Amino acid sequence: MQRRNFLKHTSVAGLVFSPVFKTSSSVAVEKNTPENNIDDFELDEATIDMLQQAMQSGKYTSRRITELYLKRIEAIDKNGPKLNAVIEINPDALKIAGAMDAERKAGKIRGPMHGIPVLIKDNINTGDKMMTTAGALALQGNYAAKDAFIIQRLRESGAVLLGKTNLGEWANFRSTHSSSGWSSRGGQTRCPYILERSPSGSSSGSGAAVAANLCAVAIGTETDGSVVSPSSVNGLVGIKPTVGLLSRSGIIPISATQDTAGPMARTVKDAAILLGALTGIDEEDAITKNSIGKAQKDYTVYLKEDALKDKRIGIEKAFLDGNKQVVDIYKSAVDILKQQGAVIVEIELKKALNDLNDAEFTVLQYEFKDGVNKYLSSANAKIKTLKEVIDFNKHNEAAAMPFFKQEILEMCEAKGDLNSGEYKEALYKNLSSRLIINNMLSEHKLDAICGVTNGLSWCIDLINGDYDVGFFYSTPAAISGYPHITVPMGLVHHLPIGLSFIGGAYTEPQLISMAYSFEQVTKKRIAPTFIANSISMQA
(Lines give C-alpha, C1' and ligand atoms only; values in the text may rest on other atoms or scores of the structure.)
Protein backbone atom coordinates (compact mmCIF):
# COMPACT_ATOMS: atom_id res chain seq x y z
CA MET A 1 0.00 0.00 0.00
CA GLN A 2 1.03 3.64 -0.38
CA ARG A 3 1.98 4.11 3.28
CA ARG A 4 3.29 7.69 3.06
CA ASN A 5 0.07 9.48 2.13
CA PHE A 6 -2.16 6.92 3.80
CA LEU A 7 -0.57 7.43 7.20
CA LYS A 8 -0.76 11.21 6.84
CA HIS A 9 -4.53 10.91 7.04
CA THR A 10 -4.69 8.41 9.89
CA SER A 11 -4.06 8.46 13.52
CA VAL A 12 -0.47 7.39 12.92
CA ALA A 13 0.53 10.14 10.90
CA GLY A 14 10.85 -4.71 -40.54
CA LEU A 15 9.34 -3.58 -37.55
CA VAL A 16 11.42 -0.91 -35.96
CA PHE A 17 11.06 -0.35 -32.25
CA SER A 18 11.61 3.29 -31.41
CA PRO A 19 10.45 5.45 -28.51
CA VAL A 20 6.86 6.63 -28.80
CA PHE A 21 7.88 9.76 -26.92
CA LYS A 22 11.23 11.03 -25.71
CA THR A 23 12.05 14.11 -23.71
CA SER A 24 13.77 16.75 -25.78
CA SER A 25 15.25 18.56 -22.80
CA SER A 26 19.00 18.86 -22.45
CA VAL A 27 19.70 17.58 -18.96
CA ALA A 28 22.43 15.65 -17.24
CA VAL A 29 21.96 11.88 -17.25
CA GLU A 30 23.97 8.92 -16.12
CA LYS A 31 26.91 8.32 -18.48
CA ASN A 32 25.65 6.33 -21.45
CA THR A 33 27.95 3.51 -22.50
CA PRO A 34 27.41 0.27 -24.44
CA GLU A 35 27.33 -1.48 -21.08
CA ASN A 36 24.49 0.49 -19.49
CA ASN A 37 22.61 0.92 -22.80
CA ILE A 38 20.19 3.56 -21.50
CA ASP A 39 18.90 5.02 -24.74
CA ASP A 40 19.92 2.54 -27.42
CA PHE A 41 17.45 -0.24 -26.61
CA GLU A 42 15.69 -1.84 -29.54
CA LEU A 43 12.54 -2.69 -27.55
CA ASP A 44 12.22 0.80 -26.09
CA GLU A 45 8.54 1.63 -25.45
CA ALA A 46 7.46 -1.51 -27.30
CA THR A 47 3.79 -2.39 -26.80
CA ILE A 48 2.26 -5.86 -26.64
CA ASP A 49 0.90 -5.37 -30.17
CA MET A 50 4.34 -4.40 -31.47
CA LEU A 51 5.93 -7.45 -29.88
CA GLN A 52 3.23 -9.73 -31.28
CA GLN A 53 3.71 -8.30 -34.76
CA ALA A 54 7.46 -8.84 -34.48
CA MET A 55 6.99 -12.47 -33.46
CA GLN A 56 4.41 -13.06 -36.15
CA SER A 57 6.69 -11.63 -38.84
CA GLY A 58 9.64 -13.67 -37.61
CA LYS A 59 11.73 -10.61 -36.78
CA TYR A 60 11.89 -11.75 -33.15
CA THR A 61 11.11 -14.85 -31.17
CA SER A 62 9.82 -14.79 -27.61
CA ARG A 63 13.19 -16.15 -26.53
CA ARG A 64 15.01 -13.29 -28.24
CA ILE A 65 12.66 -10.71 -26.71
CA THR A 66 13.19 -12.28 -23.29
CA GLU A 67 16.97 -12.23 -23.79
CA LEU A 68 16.83 -8.54 -24.67
CA TYR A 69 14.85 -7.69 -21.53
CA LEU A 70 17.24 -9.75 -19.38
CA LYS A 71 20.18 -7.85 -20.88
CA ARG A 72 18.36 -4.59 -20.23
CA ILE A 73 17.87 -5.55 -16.58
CA GLU A 74 21.55 -6.37 -16.25
CA ALA A 75 22.57 -3.13 -17.99
CA ILE A 76 20.48 -0.54 -16.15
CA ASP A 77 18.88 -2.25 -13.17
CA LYS A 78 21.96 -4.01 -11.80
CA ASN A 79 24.49 -1.66 -13.42
CA GLY A 80 24.45 1.82 -14.98
CA PRO A 81 21.72 3.83 -13.21
CA LYS A 82 21.13 0.85 -10.88
CA LEU A 83 17.38 1.19 -10.52
CA ASN A 84 17.20 -1.91 -8.32
CA ALA A 85 13.67 -2.68 -9.47
CA VAL A 86 14.08 -6.44 -9.99
CA ILE A 87 14.63 -8.51 -6.86
CA GLU A 88 14.99 -11.88 -8.61
CA ILE A 89 15.26 -13.26 -12.15
CA ASN A 90 13.29 -16.34 -13.11
CA PRO A 91 15.88 -19.00 -14.06
CA ASP A 92 13.20 -20.64 -16.23
CA ALA A 93 12.33 -17.50 -18.22
CA LEU A 94 14.16 -18.52 -21.39
CA LYS A 95 12.78 -22.05 -21.13
CA ILE A 96 9.21 -20.71 -20.97
CA ALA A 97 9.89 -18.38 -23.89
CA GLY A 98 11.27 -21.28 -25.93
CA ALA A 99 8.15 -23.34 -25.21
CA MET A 100 5.95 -20.47 -26.39
CA ASP A 101 8.02 -20.21 -29.56
CA ALA A 102 7.52 -23.93 -30.19
CA GLU A 103 3.77 -23.53 -29.79
CA ARG A 104 3.74 -20.58 -32.17
CA LYS A 105 5.71 -22.56 -34.74
CA ALA A 106 3.14 -25.35 -34.42
CA GLY A 107 0.35 -22.88 -35.12
CA LYS A 108 -0.91 -22.47 -31.56
CA ILE A 109 -1.31 -18.90 -30.31
CA ARG A 110 -2.89 -18.71 -26.86
CA GLY A 111 -3.81 -15.03 -27.11
CA PRO A 112 -2.33 -11.52 -26.97
CA MET A 113 -0.06 -12.37 -24.01
CA HIS A 114 1.56 -15.33 -25.82
CA GLY A 115 5.34 -15.03 -25.42
CA ILE A 116 5.19 -11.63 -23.67
CA PRO A 117 7.65 -11.13 -20.75
CA VAL A 118 6.02 -10.00 -17.49
CA LEU A 119 7.53 -9.00 -14.14
CA ILE A 120 5.64 -9.88 -10.95
CA LYS A 121 5.67 -8.21 -7.54
CA ASP A 122 7.46 -10.22 -4.86
CA ASN A 123 4.39 -10.75 -2.68
CA ILE A 124 2.71 -13.00 -5.26
CA ASN A 125 3.32 -16.75 -5.11
CA THR A 126 4.96 -18.46 -8.05
CA GLY A 127 5.27 -22.23 -7.78
CA ASP A 128 8.73 -22.31 -9.32
CA LYS A 129 12.37 -21.54 -8.48
CA MET A 130 11.65 -17.97 -7.34
CA MET A 131 10.98 -17.00 -3.74
CA THR A 132 7.99 -15.03 -2.47
CA THR A 133 9.09 -12.83 0.42
CA ALA A 134 7.29 -9.46 0.37
CA GLY A 135 10.84 -8.12 0.42
CA ALA A 136 11.37 -9.38 3.98
CA LEU A 137 14.51 -11.17 5.12
CA ALA A 138 12.24 -12.98 7.54
CA LEU A 139 10.69 -14.85 4.57
CA GLN A 140 13.94 -15.64 2.80
CA GLY A 141 13.64 -19.18 1.41
CA ASN A 142 9.86 -19.13 1.01
CA TYR A 143 9.34 -21.10 -2.20
CA ALA A 144 5.61 -21.42 -2.84
CA ALA A 145 4.20 -24.90 -3.45
CA LYS A 146 1.97 -23.59 -6.22
CA ASP A 147 1.19 -20.49 -8.24
CA ALA A 148 -1.18 -17.82 -7.02
CA PHE A 149 -4.43 -18.08 -8.99
CA ILE A 150 -3.62 -15.02 -11.11
CA ILE A 151 -0.20 -16.52 -11.93
CA GLN A 152 -1.93 -19.71 -13.09
CA ARG A 153 -4.04 -17.53 -15.36
CA LEU A 154 -0.94 -15.68 -16.53
CA ARG A 155 0.84 -18.92 -17.45
CA GLU A 156 -2.27 -20.15 -19.26
CA SER A 157 -2.23 -16.95 -21.32
CA GLY A 158 1.24 -17.85 -22.63
CA ALA A 159 3.11 -15.06 -20.84
CA VAL A 160 6.78 -15.42 -19.88
CA LEU A 161 7.43 -14.98 -16.16
CA LEU A 162 10.56 -12.85 -16.32
CA GLY A 163 11.18 -12.35 -12.61
CA LYS A 164 10.03 -10.71 -9.38
CA THR A 165 10.09 -7.00 -8.54
CA ASN A 166 11.19 -5.26 -5.36
CA LEU A 167 8.62 -3.52 -3.18
CA GLY A 168 8.17 -1.59 0.01
CA GLU A 169 8.66 -4.36 2.57
CA TRP A 170 5.40 -6.04 3.62
CA ALA A 171 3.73 -3.90 0.94
CA ASN A 172 4.79 -0.74 2.82
CA PHE A 173 2.97 -1.81 5.98
CA ARG A 174 5.90 -2.19 8.36
CA SER A 175 6.87 1.22 9.73
CA THR A 176 5.41 4.71 10.09
CA HIS A 177 8.77 6.15 8.93
CA SER A 178 9.79 3.85 6.10
CA SER A 179 11.06 4.76 2.65
CA SER A 180 8.76 3.63 -0.17
CA GLY A 181 10.45 1.04 -2.36
CA TRP A 182 12.88 -0.16 0.31
CA SER A 183 12.97 -3.74 1.58
CA SER A 184 15.44 -5.58 3.77
CA ARG A 185 15.85 -8.24 1.11
CA GLY A 186 15.94 -6.00 -1.96
CA GLY A 187 17.24 -2.62 -0.80
CA GLN A 188 16.03 0.68 -2.28
CA THR A 189 14.43 0.98 -5.71
CA ARG A 190 14.94 4.29 -7.53
CA CYS A 191 12.73 6.34 -9.84
CA PRO A 192 14.03 6.19 -13.43
CA TYR A 193 13.01 9.78 -14.13
CA ILE A 194 15.24 11.33 -11.44
CA LEU A 195 17.30 8.72 -9.64
CA GLU A 196 17.36 10.47 -6.26
CA ARG A 197 13.55 10.38 -6.23
CA SER A 198 11.21 7.72 -4.87
CA PRO A 199 9.48 5.28 -7.25
CA SER A 200 6.59 5.30 -4.74
CA GLY A 201 5.24 2.19 -3.13
CA SER A 202 4.54 -0.45 -2.55
CA SER A 203 4.62 -1.73 -6.15
CA SER A 204 7.75 0.34 -6.64
CA GLY A 205 9.77 -2.26 -8.50
CA SER A 206 6.94 -2.99 -10.91
CA GLY A 207 6.49 0.73 -11.59
CA ALA A 208 10.17 1.50 -12.12
CA ALA A 209 10.67 -1.63 -14.24
CA VAL A 210 7.85 -0.92 -16.70
CA ALA A 211 8.79 2.77 -16.91
CA ALA A 212 12.42 1.87 -17.72
CA ASN A 213 11.46 -0.78 -20.28
CA LEU A 214 12.76 -3.74 -18.27
CA CYS A 215 9.66 -5.71 -19.31
CA ALA A 216 6.58 -5.34 -21.46
CA VAL A 217 4.12 -5.11 -18.54
CA ALA A 218 4.09 -5.91 -14.83
CA ILE A 219 1.74 -6.91 -12.03
CA GLY A 220 1.47 -4.90 -8.83
CA THR A 221 -0.81 -5.15 -5.82
CA GLU A 222 -2.75 -2.47 -3.98
CA THR A 223 -4.38 -1.96 -0.62
CA ASP A 224 -4.44 1.84 -0.77
CA GLY A 225 -2.48 3.39 -3.64
CA SER A 226 0.17 0.77 -4.32
CA VAL A 227 -0.73 0.26 -7.99
CA VAL A 228 -1.92 3.73 -8.95
CA SER A 229 0.66 5.80 -7.03
CA PRO A 230 3.80 4.15 -8.46
CA SER A 231 2.08 4.16 -11.85
CA SER A 232 1.49 7.90 -11.59
CA VAL A 233 5.01 8.62 -10.33
CA ASN A 234 6.59 6.47 -13.06
CA GLY A 235 4.55 7.77 -16.00
CA LEU A 236 2.42 4.64 -16.40
CA VAL A 237 -1.12 3.44 -16.77
CA GLY A 238 -2.17 1.49 -13.68
CA ILE A 239 -5.46 -0.29 -13.06
CA LYS A 240 -6.61 -1.02 -9.52
CA PRO A 241 -9.65 -3.19 -10.29
CA THR A 242 -12.80 -3.73 -8.26
CA VAL A 243 -11.94 -5.93 -5.28
CA GLY A 244 -13.12 -9.37 -6.40
CA LEU A 245 -12.40 -9.00 -10.11
CA LEU A 246 -9.02 -10.69 -9.58
CA SER A 247 -8.31 -13.48 -7.13
CA ARG A 248 -6.09 -12.76 -4.11
CA SER A 249 -5.31 -16.38 -3.19
CA GLY A 250 -1.57 -16.94 -3.07
CA ILE A 251 -0.80 -13.26 -2.46
CA ILE A 252 0.74 -12.16 0.84
CA PRO A 253 -2.09 -10.05 2.26
CA ILE A 254 -2.74 -6.84 4.10
CA SER A 255 -6.51 -6.54 3.88
CA ALA A 256 -9.24 -8.99 2.90
CA THR A 257 -11.56 -6.07 2.12
CA GLN A 258 -9.16 -3.86 0.15
CA ASP A 259 -6.39 -5.99 -1.41
CA THR A 260 -6.22 -6.62 -5.14
CA ALA A 261 -3.60 -7.18 -7.80
CA GLY A 262 -3.56 -4.96 -10.87
CA PRO A 263 -1.76 -4.41 -14.19
CA MET A 264 0.89 -1.72 -14.72
CA ALA A 265 1.75 -0.78 -18.30
CA ARG A 266 2.91 1.98 -20.61
CA THR A 267 -0.43 2.18 -22.46
CA VAL A 268 -4.08 1.73 -21.61
CA LYS A 269 -4.38 -1.04 -24.21
CA ASP A 270 -1.53 -3.06 -22.69
CA ALA A 271 -3.03 -2.66 -19.21
CA ALA A 272 -6.42 -3.77 -20.55
CA ILE A 273 -4.88 -6.82 -22.23
CA LEU A 274 -3.14 -7.92 -19.02
CA LEU A 275 -6.25 -7.29 -16.91
CA GLY A 276 -8.34 -9.60 -19.08
CA ALA A 277 -5.71 -12.33 -18.86
CA LEU A 278 -5.90 -12.35 -15.05
CA THR A 279 -9.66 -12.55 -14.43
CA GLY A 280 -11.41 -15.75 -13.37
CA ILE A 281 -13.45 -17.36 -10.62
CA ASP A 282 -11.29 -18.87 -7.87
CA GLU A 283 -12.82 -21.29 -5.39
CA GLU A 284 -10.14 -20.29 -2.89
CA ASP A 285 -11.21 -16.63 -2.96
CA ALA A 286 -14.98 -16.51 -2.54
CA ILE A 287 -15.25 -12.81 -3.39
CA THR A 288 -14.39 -13.58 -7.02
CA LYS A 289 -17.85 -15.12 -7.36
CA ASN A 290 -19.19 -11.55 -7.24
CA SER A 291 -17.54 -11.00 -10.63
CA ILE A 292 -19.64 -13.66 -12.40
CA GLY A 293 -21.29 -11.97 -15.36
CA LYS A 294 -19.17 -8.86 -14.83
CA ALA A 295 -15.57 -9.95 -15.46
CA GLN A 296 -14.32 -9.78 -19.04
CA LYS A 297 -11.70 -11.80 -20.88
CA ASP A 298 -11.08 -9.02 -23.37
CA TYR A 299 -11.22 -5.42 -22.20
CA THR A 300 -9.74 -4.11 -25.45
CA VAL A 301 -13.21 -4.04 -27.03
CA TYR A 302 -13.86 -0.98 -24.87
CA LEU A 303 -10.97 1.04 -26.30
CA LYS A 304 -12.88 3.84 -27.99
CA GLU A 305 -11.35 7.20 -28.90
CA ASP A 306 -14.67 9.04 -28.57
CA ALA A 307 -15.59 7.52 -25.21
CA LEU A 308 -15.56 10.88 -23.38
CA LYS A 309 -18.31 12.37 -25.52
CA ASP A 310 -21.41 13.22 -23.44
CA LYS A 311 -19.93 11.64 -20.30
CA ARG A 312 -20.57 13.39 -16.99
CA ILE A 313 -17.36 13.52 -14.98
CA GLY A 314 -16.97 14.68 -11.40
CA ILE A 315 -13.82 16.73 -10.88
CA GLU A 316 -12.30 16.68 -7.40
CA LYS A 317 -12.41 20.30 -6.25
CA ALA A 318 -9.70 19.84 -3.59
CA PHE A 319 -7.05 19.53 -6.32
CA LEU A 320 -7.79 22.95 -7.80
CA ASP A 321 -5.53 24.32 -5.09
CA GLY A 322 -1.93 23.41 -4.18
CA ASN A 323 1.33 23.19 -6.14
CA LYS A 324 0.62 25.61 -9.00
CA GLN A 325 2.41 23.56 -11.65
CA VAL A 326 0.49 20.41 -10.73
CA VAL A 327 -2.78 22.33 -10.55
CA ASP A 328 -2.15 23.87 -13.96
CA ILE A 329 -1.63 20.42 -15.50
CA TYR A 330 -4.79 19.19 -13.78
CA LYS A 331 -6.79 22.15 -15.11
CA SER A 332 -5.41 21.51 -18.60
CA ALA A 333 -6.53 17.88 -18.32
CA VAL A 334 -10.00 19.02 -17.30
CA ASP A 335 -10.10 21.34 -20.32
CA ILE A 336 -9.22 18.38 -22.55
CA LEU A 337 -12.07 16.36 -21.04
CA LYS A 338 -14.39 19.24 -21.93
CA GLN A 339 -12.98 19.50 -25.45
CA GLN A 340 -13.71 15.80 -25.93
CA GLY A 341 -17.35 16.39 -25.12
CA ALA A 342 -17.47 15.56 -21.41
CA VAL A 343 -19.71 17.48 -19.03
CA ILE A 344 -17.73 18.59 -15.98
CA VAL A 345 -19.17 18.75 -12.47
CA GLU A 346 -17.09 19.92 -9.50
CA ILE A 347 -17.37 17.59 -6.48
CA GLU A 348 -15.80 17.25 -3.03
CA LEU A 349 -15.37 13.52 -2.47
CA LYS A 350 -12.25 13.86 -0.34
CA LYS A 351 -14.13 16.08 2.10
CA ALA A 352 -17.06 13.67 2.22
CA LEU A 353 -14.77 10.78 3.20
CA ASN A 354 -12.51 12.61 5.68
CA ASP A 355 -14.11 11.02 8.73
CA LEU A 356 -13.27 7.48 7.56
CA ASN A 357 -9.47 7.66 7.69
CA ASP A 358 -8.98 6.36 11.23
CA ALA A 359 -11.46 3.54 10.57
CA GLU A 360 -9.43 2.37 7.59
CA PHE A 361 -6.22 2.05 9.58
CA THR A 362 -8.02 0.10 12.30
CA VAL A 363 -9.47 -2.31 9.73
CA LEU A 364 -6.08 -2.84 8.10
CA GLN A 365 -4.36 -3.65 11.39
CA TYR A 366 -6.85 -6.38 12.28
CA GLU A 367 -7.01 -7.84 8.76
CA PHE A 368 -3.23 -7.78 8.31
CA LYS A 369 -2.68 -9.81 11.48
CA ASP A 370 -5.38 -12.30 10.51
CA GLY A 371 -4.33 -12.60 6.88
CA VAL A 372 -0.57 -12.84 7.43
CA ASN A 373 -0.97 -15.49 10.13
CA LYS A 374 -3.15 -17.54 7.76
CA TYR A 375 -0.69 -17.13 4.88
CA LEU A 376 2.37 -18.04 6.97
CA SER A 377 0.70 -21.04 8.58
CA SER A 378 0.55 -22.81 5.21
CA ALA A 379 3.66 -21.30 3.57
CA ASN A 380 7.04 -22.98 3.14
CA ALA A 381 8.71 -20.26 5.20
CA LYS A 382 10.30 -21.25 8.50
CA ILE A 383 8.46 -18.40 10.19
CA LYS A 384 4.81 -19.22 10.81
CA THR A 385 3.28 -16.20 12.59
CA LEU A 386 3.41 -12.41 12.63
CA LYS A 387 4.86 -12.62 16.14
CA GLU A 388 7.74 -14.71 14.79
CA VAL A 389 8.34 -12.12 12.04
CA ILE A 390 8.60 -9.39 14.67
CA ASP A 391 10.98 -11.48 16.77
CA PHE A 392 13.12 -12.33 13.73
CA ASN A 393 13.49 -8.64 12.91
CA LYS A 394 14.51 -7.85 16.48
CA HIS A 395 17.11 -10.62 16.53
CA ASN A 396 18.45 -9.52 13.13
CA GLU A 397 18.04 -5.78 13.59
CA ALA A 398 21.21 -4.71 11.79
CA ALA A 399 20.15 -6.40 8.56
CA ALA A 400 16.35 -6.29 8.84
CA MET A 401 15.90 -2.82 10.37
CA PRO A 402 18.99 -0.71 9.59
CA PHE A 403 17.03 2.52 8.99
CA PHE A 404 13.50 2.27 10.36
CA LYS A 405 11.72 -0.15 12.65
CA GLN A 406 8.45 -2.13 12.65
CA GLU A 407 5.91 -0.06 14.55
CA ILE A 408 3.02 -1.07 12.28
CA LEU A 409 3.77 -4.78 12.59
CA GLU A 410 3.77 -4.40 16.36
CA MET A 411 0.51 -2.43 16.31
CA CYS A 412 -1.09 -5.20 14.29
CA GLU A 413 0.17 -7.93 16.59
CA ALA A 414 -1.37 -6.11 19.54
CA LYS A 415 -4.84 -6.32 18.00
CA GLY A 416 -7.34 -9.08 18.68
CA ASP A 417 -9.19 -11.24 16.17
CA LEU A 418 -11.88 -10.36 13.64
CA ASN A 419 -14.63 -10.88 16.23
CA SER A 420 -13.49 -7.71 17.99
CA GLY A 421 -16.12 -5.03 18.41
CA GLU A 422 -13.55 -2.39 17.48
CA TYR A 423 -12.88 -4.16 14.19
CA LYS A 424 -16.54 -4.64 13.30
CA GLU A 425 -17.37 -1.01 14.05
CA ALA A 426 -14.43 0.25 11.97
CA LEU A 427 -15.29 -2.09 9.08
CA TYR A 428 -18.91 -0.90 9.05
CA LYS A 429 -17.72 2.71 9.00
CA ASN A 430 -15.16 1.99 6.29
CA LEU A 431 -17.66 0.29 4.00
CA SER A 432 -20.03 3.25 4.34
CA SER A 433 -17.74 4.83 1.74
CA ARG A 434 -19.60 2.80 -0.89
CA LEU A 435 -22.88 4.52 -0.05
CA ILE A 436 -21.20 7.95 -0.06
CA ILE A 437 -19.61 7.35 -3.48
CA ASN A 438 -22.73 5.73 -4.92
CA ASN A 439 -24.87 8.65 -3.75
CA MET A 440 -22.45 11.16 -5.27
CA LEU A 441 -22.40 9.30 -8.58
CA SER A 442 -26.19 9.09 -8.56
CA GLU A 443 -26.89 12.65 -7.39
CA HIS A 444 -24.78 14.21 -10.13
CA LYS A 445 -25.49 11.47 -12.71
CA LEU A 446 -21.75 10.88 -13.03
CA ASP A 447 -20.04 8.32 -15.26
CA ALA A 448 -16.71 8.75 -13.44
CA ILE A 449 -14.82 10.82 -10.91
CA CYS A 450 -11.44 12.34 -11.77
CA GLY A 451 -8.61 13.81 -9.71
CA VAL A 452 -4.84 14.06 -9.40
CA THR A 453 -3.64 10.53 -8.66
CA ASN A 454 -0.63 11.45 -6.57
CA GLY A 455 1.80 14.29 -5.92
CA LEU A 456 5.18 14.49 -7.61
CA SER A 457 7.85 12.01 -6.54
CA TRP A 458 9.70 12.98 -3.36
CA CYS A 459 13.39 12.57 -2.52
CA ILE A 460 14.46 9.21 -1.13
CA ASP A 461 15.27 9.59 2.57
CA LEU A 462 16.23 6.40 4.40
CA ILE A 463 16.82 8.29 7.64
CA ASN A 464 13.57 10.24 8.03
CA GLY A 465 11.39 8.26 5.66
CA ASP A 466 8.86 9.58 3.14
CA TYR A 467 7.34 13.04 3.36
CA ASP A 468 4.14 14.58 2.07
CA VAL A 469 4.13 16.35 -1.30
CA GLY A 470 0.38 16.95 -1.53
CA PHE A 471 -2.28 15.38 -3.77
CA PHE A 472 -3.43 11.82 -3.09
CA TYR A 473 -6.58 10.21 -4.49
CA SER A 474 -6.28 6.48 -3.98
CA THR A 475 -8.24 6.21 -0.74
CA PRO A 476 -11.83 6.60 -2.08
CA ALA A 477 -11.51 3.63 -4.44
CA ALA A 478 -9.38 1.71 -1.93
CA ILE A 479 -11.77 1.73 1.03
CA SER A 480 -14.83 1.15 -1.14
CA GLY A 481 -13.18 -1.59 -3.18
CA TYR A 482 -14.07 0.27 -6.39
CA PRO A 483 -11.99 0.46 -9.60
CA HIS A 484 -9.39 3.15 -10.19
CA ILE A 485 -7.34 3.84 -13.33
CA THR A 486 -4.49 6.35 -13.62
CA VAL A 487 -3.18 7.74 -16.91
CA PRO A 488 -0.21 10.10 -17.47
CA MET A 489 -1.30 13.74 -17.83
CA GLY A 490 2.02 15.58 -17.90
CA LEU A 491 5.43 16.31 -16.38
CA VAL A 492 6.64 18.83 -13.83
CA HIS A 493 10.42 19.21 -13.70
CA HIS A 494 10.72 15.91 -15.62
CA LEU A 495 8.56 14.11 -13.03
CA PRO A 496 5.29 12.46 -14.21
CA ILE A 497 1.87 13.18 -12.79
CA GLY A 498 -1.24 11.05 -13.37
CA LEU A 499 -4.96 11.64 -13.81
CA SER A 500 -7.33 9.29 -11.98
CA PHE A 501 -10.59 7.83 -13.26
CA ILE A 502 -12.74 6.28 -10.50
CA GLY A 503 -16.14 4.62 -10.79
CA GLY A 504 -18.58 2.27 -9.11
CA ALA A 505 -18.13 -1.48 -8.67
CA TYR A 506 -17.22 -3.39 -11.84
CA THR A 507 -17.22 -0.30 -14.06
CA GLU A 508 -13.81 -1.20 -15.50
CA PRO A 509 -15.14 -1.23 -19.09
CA GLN A 510 -16.40 2.36 -18.87
CA LEU A 511 -13.29 3.62 -17.05
CA ILE A 512 -10.97 1.91 -19.53
CA SER A 513 -12.90 3.55 -22.38
CA MET A 514 -12.59 7.03 -20.88
CA ALA A 515 -8.96 6.56 -19.88
CA TYR A 516 -8.13 5.38 -23.41
CA SER A 517 -9.90 8.34 -24.96
CA PHE A 518 -7.93 10.75 -22.75
CA GLU A 519 -4.67 8.93 -23.48
CA GLN A 520 -5.15 8.99 -27.23
CA VAL A 521 -5.81 12.71 -27.42
CA THR A 522 -3.03 13.69 -24.98
CA LYS A 523 -0.27 11.06 -25.38
CA LYS A 524 1.54 12.28 -22.26
CA ARG A 525 3.59 9.14 -21.63
CA ILE A 526 7.24 10.20 -21.91
CA ALA A 527 10.06 7.70 -21.38
CA PRO A 528 12.51 8.41 -18.52
CA THR A 529 16.03 9.68 -19.15
CA PHE A 530 17.61 8.63 -15.84
CA ILE A 531 18.52 12.11 -14.58
CA ALA A 532 21.01 11.74 -11.75
CA ASN A 533 19.51 14.34 -9.41
CA SER A 534 17.55 17.59 -9.35
CA ILE A 535 20.68 19.74 -9.24
CA SER A 536 21.88 18.27 -12.53
CA MET A 537 18.78 19.68 -14.26
CA GLN A 538 20.32 23.13 -13.90
CA ALA A 539 23.44 22.11 -15.82
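Me: Happy to start with the rings. How many aromatic pairs does a search of the whole structure find?
Reply: Twelve aromatic pairs turn up in the whole structure. Please keep in mind that this is a predicted model.

Me: What makes the pair of Phe-41 and Tyr-69 tilted?
Reply: The ring centres of Phe-41 and Tyr-69 are 5.9 Å apart and the planes meet at 55 degrees. Centres within 6.5 Å make a pair, and planes under 30 degrees apart would be stacked, while those over 60 would be edge-to-face.

Me: Are Phe-41 and Tyr-69 buried or exposed?
Reply: Buried means under 20% relative accessible area. Phe-41 has 6%, so Phe-41 counts as buried. Tyr-69, at 0%, counts as buried too.

Me: Which residues do ring pairs link into a cluster?
Reply: That cluster consists of Trp-170, Phe-173, Phe-361 and Phe-368.

Me: How do you know that Lys-294 lies over the face of Tyr-506?
Reply: Lys-294 is placed 5.1 Å from the ring centre of Tyr-506. The limit on distance is 6 Å, and the charge must also be within 35 degrees of the ring normal. Lys-294 is listed as lying over the face of the ring.

Me: What is the peptide bond from Gly-201 to Ser-202 like, cis or trans?
Reply: That bond is cis, with omega near 5 degrees. Most peptide bonds are trans. Ser-202 is in the loop between β5 (187-188) and α7 (204-211).

Me: Let us turn to the largest pocket. How much space lies in the largest pocket, and which residues are closest to its centre?
Reply: The largest pocket holds about 840 Å³ of space. Its lining has 40 residues, and those closest to the centre are Arg-248, Ser-249, Gly-250, Ile-251 and Tyr-375.

Me: Which element gives the most to the lining of the largest pocket?
Reply: α12 does, with six residues. At least two residues each come from α5 (149-156), β6 (217-222), β8 (260-265) and α12 (357-378). By class, the lining has 16 nonpolar, 13 polar and eleven charged residues.

Me: What is Val-389 in contact with, leaving aside its neighbours within four places in sequence?
Reply: Val-389 is in contact with Ala-138, Trp-170, Leu-376, Ile-383, Gln-406 and Leu-409. Val-389 is in helix α13 (residues 386-395) and, at 0% relative accessibility, counts as buried.

Me: Why does Asn-396 count as partly exposed?
Reply: Its relative accessibility is 31%, which is between the 20% and 50% limits, so Asn-396 counts as partly exposed. Asn-396 is in the loop between α13 and α14 (397-400). Its C-alpha atom is separated by 9.0 Å from that of Ala-138, 258 residues apart along the chain.

Me: How do you know that Ala-333 is buried?
Reply: Ala-333 has a relative accessible area of 2%, and buried means under 20%, so Ala-333 is buried. Ala-333 is found in helix α10 (residues 324-339). Not counting residues up to four places away in sequence, Ala-333 touches Met-489, Leu-499 and Phe-518.

Technical notes: Residues are numbered from 1 along each chain as its sequence is written. This is a predicted model: local features need pLDDT of at least 70, side-chain atom pairs count only at pLDDT 80 or more; totals for chains, interfaces and linings use all residues. Side-chain values use heavy atoms; hydrogens and water are left out. Rings of Phe, Tyr and Trp (its six-membered ring) pair if their centres lie within 6.5 Å; planes under 30 degrees apart count as stacked, over 60 as edge-to-face and the rest as tilted. Buried means under 20% relative accessible area, exposed over 50%, partly exposed in between (1.4 Å probe, protein chains only). On a 1 Å grid over the protein atoms alone, a cavity is a set of points where a 1.4 Å probe fits but cannot get out, and a pocket is an open set with protein on both sides within 12 Å along at least five of seven lines; lining residues have an atom within 4 Å of a point. Grid points are joined across faces, edges and corners, and a volume is the space filled by probe spheres set on the points. Helices (H or I, at least four residues) and strands (E, at least two) are DSSP runs, numbered from the N terminus. Ala, Val, Leu, Ile, Met, Phe, Trp, Tyr, Cys and Pro count as nonpolar, Asp, Glu, Lys and Arg as charged, and the others, Gly among them, as polar. Contact means heavy atoms within 4.5 Å.
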